[in-house]
Amino acid sequence: MAVFTAPKIVSSRSEFADSHTLTRFLATGGFEGLRRALTMYPEAVAAEVDTASLLGRGGAGFPAGRKWSMLRKAPVSYLVINGDESEPATFKDHYLVEREPHQLIEGVTIAAYALQVTQAFIFLRGEFALGLERVQQAINDAYEQGALGSNIFGSGFSLDIVVHPGAGAYICGEETSLIEALEGKRGFPRIKPPFFPAAIGLYGQPTVVNNVETMANLPWIVSHGGAAFAALGLGRSTGTRLFALSGRVNNPGMFELEMAKNTFRDIIFDPALGGGIINNGQVKAFIPGGVSAPWLGPDDLDTPLGQDEVGAKATMLGSGSIVVMDQTTCAVRAAWRITKFFSRESCGQCTPCREGSGWLERIMFRLEHGGGRMEDLDLLMDLCDNIAPGLGWPPQQTTICVLGSSIPSSITSAINMFRDEFYAHVTHDGCPHD
Amino acid sequence: MTYFRQDIRLRAQEVVALYPQKRSAMLPLLHLAQEHDGYLTPEGMAEVAELTGTSPAEVRGTASFYDMFHLEPVGTYVVGVCTNIACLLAGGQEMLDHAASTLGCAVGSTSADGMFTLEETECLADCNIAPCVQVNHRFVRTTTPDALDALVDDLRNGRRDEEIPAHGTLIRVRRSGGLRAPADQVANERAVAHRAREERAAQEKK
């Protein structure tokens, strides 16, 4: 049975239709976390986040406190919020910017205070037209309330936040690519190491890049203390997390659950959550954390929704988005569509990714639509091995960023789990499901 | 003389002032250029180049990287249908085919009356209401063919103008807060914070 004992930390206002308004925000504890933070030393605020051991919610799961402590000390530094949510099947940040924009602004202000940064940018996906408007409105509201601008709540601390619209590029979710886009250039990821954004980031200055959901956790952490946050969850997976459930389930949606306390079976089948498979079907496979993650099968349903627990299965919890496939789903078609996505979104800097994704997509296309050959399976595995040598997890990287090494996940998963289906596609000269 | 209308020109200058470096305003200004013309015209891009201190070639080179920027004219309504994994499992491909027949244009093209452009998009981050459809980057949440047809009818008759402005208009909320604290004040606060941090560090050492 699913566990629902944890409080809602980032989606506490989800029951209200007017959760995006200042009135509702103020009536439900708005700016309390910020007011408290401003009475503390900046280091003490950072220490609370360290105590909370809040893992970054963007996908890589790096501890936010540690990322902050790596910020090189310099007279000018920047805070950049990553809201370029484009990992297929991920829609948590979409909710947070559209439905609880003031909470985001409060969280960003707390982070900026802890880091003593006076300029922050929120990079939002361009396709979130309403989200962009709501966040801009929330910034306007915060200015009016004295919660933003110069001398915030009389504390002497000043901050300006600028909303920066993206323009449709998956790669801009990669932090150095996002910085390039913020500098007004093509979104090409930068080579790192040696210099990560914490040393050389926006305009060559030290920069912290954090995810929207990471920021949304901060007001609660400051109000209730890092220890209360760390008491939730299990092991390294502390607090709660927004899980996005989609695919062949009766009740797809976004659920805030305590980390590592529930399993994939709980979220897919619990009547209050996923509500089971459409037409009482069976789980054929599921993607545990965005399409960059290798797939899991029915035997893995009892894996807890925690960072290390999923990591132990040679895949990742990633962005917390779960896609469920049932027996009506064609594994070849699913893997082909995901590969087509990567092929389209490769920025084109590195040969293995640019060329490899296109080759893989064309081979998957002919398997799905006719013209596939038996030797295509070996060819696919060989190409995947060229992009991510050894095909292990976490994958070896042959490219500047991790988009390249994410490409093989769906193809190798589909071949390893459903090899017979590939054979059927070859003998049937196309998809037998059509 | 500028190419942009006065109101767009004014907003463009406001945007440039928000950033420490002018070139950072590139993407927001290109969105404004699209609001001005519906797509990116050579004149619009030249004005963005002037505003950002770059060349028209650099502006075009940057714009061509991003899916949302159109270098050719598009319809008043750009209809995007997602066929990525979550939508694929909910009939996204069938929805895209249906949209093509309703709108009377193939994927990637514009209807003869210039009203609609149809695009196959990647994931739009609304996967629990699948298949996902956007019109001019606004979520319309039509998940059945009938609902899509009703929406298209509404759009043709201008019944959704309030909610879905013509293509190019992205952010209708103007920034109203002070642009930023005065530079000398920020520098002063930063120096005070820096000193305080060092004093605390020194005290902790003792």
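Me: If two strands pair when DSSP finds at least two bridges between them, which residue stands opposite Ser246(A)?

Reply: Ser246(A) stands opposite Val323(A), a residue of β10(A); helices (H or I, at least four residues) and strands (E, at least two) are DSSP runs numbered from the N terminus. This is a predicted model, in which local features need pLDDT of at least 70 and side-chain atom pairs count only at pLDDT 80 or more, while totals for chains, interfaces and linings use all residues. Residues are numbered from 1 along each chain as its sequence is written, and chains are lettered from A and ligands numbered from 1 in the order in which they are written.

Me: OK, and what are the partners of β10(A)?

Reply: β7(A) runs parallel to β10(A) and is joined to it by four bridges, whereas strand β9 of chain A, residues 283–287, pairs with β10(A) in the antiparallel sense, also over four bridges. Val323(A) has Ile287(A) opposite it as well.

Me: Is β10(A) mostly covered or mostly open?

Reply: β10(A) is mostly covered, with five of its six residues buried; a residue is buried if 20 or more other C-beta atoms, placed from the backbone, lie within 10 Å of its own, exposed if 12 or fewer, and partly exposed in between.

Me: Switching topic, what's the strand order in the open sheet of chain A?

Reply: The four strands of that open sheet follow the order β3-β2-β1-β4 in chain A, and their pairing is parallel. Each of the edge strands, β3 (160–165) and β4 (207–211) of chain A, pairs on one side only. From one strand to the next the twist averages 20°, where axes are lines fitted to C-alpha atoms, for helices over the stretch in contact, and angles run from 0 to 180 degrees between N-to-C directions.

Me: How many bridges hold β2 and β3(A) together?

Reply: Strand β2 of chain A, residues 119–124, pairs with β3(A) over six bridges in the parallel sense, and Phe123(A) stands opposite His164(A) of β3(A).

Me: Which helix lies across these strands?

Reply: Helix α8 of chain A, residues 175–182, lies across β1 (78–83), β2, β3 and β4 of chain A, and it runs at about 105° to β1(A).

Me: What about the helices, at what angle do α5 and α7(A) pack?

Reply: Helix α5 of chain A (residues 92–99) packs against α7(A) at an angle of about 45°, and their axes are 7 Å apart. That angle makes α5(A) oblique to α7(A), because angles under 35 degrees count as roughly parallel, over 145 as roughly antiparallel, 65 to 115 as roughly perpendicular and the rest as oblique.

Me: And which residues meet there?

Reply: From α5(A), His94(A), Val97(A) and Glu98(A) meet Leu130(A), Gly131(A), Arg134(A) and Val135(A) of α7(A); residues are in contact if their C-beta atoms, placed from the backbone, lie within 7 Å. The residues of this contact divide into three nonpolar, two polar and two charged, with Ala, Val, Leu, Ile, Met, Phe, Trp, Tyr, Cys and Pro counted as nonpolar, Asp, Glu, Lys and Arg as charged, and the others, Gly among them, as polar. α5(A) is also mostly covered, since seven of its eight residues are buried, including His94(A), Val97(A) and Glu98(A).

Me: How does the contact of α3 with α6(A) divide by class?

Reply: Helix α3 (residues 42–52) and helix α6 (residues 101–115) of chain A have axes that come within 7 Å and cross at roughly 120°, which makes α3(A) oblique to α6(A). Pro42(A), Val45(A), Ala46(A) and Val49(A) of α3(A) meet Ile110(A), Tyr113(A) and Ala114(A) of α6(A), and by class this contact has seven nonpolar, no polar and no charged residues.

Me: Why is α18(A) largely enclosed?

Reply: Helix α18 of chain A, residues 408–417, has eight of its ten residues buried, so it is largely enclosed by the rest of the structure. Its buried residues are covered by elements including α14, α15 (351–369), α16 (376–387), α17 (403–406) and α19 (419–427) of chain A.

Me: Last one, how many residues does each chain give to the contact between A and B?

Reply: Chain A gives 62 residues and chain B gives 52 residues. On the side of chain A that touches chain B, the largest share, nine residues, comes from α7(A), and the residues of that side divide into 29 nonpolar, 22 polar and eleven charged.

Terms used: Two strands pair if DSSP finds at least two bridges between them. Two residues are in contact if their C-beta atoms, placed from the backbone, lie within 7 Å.
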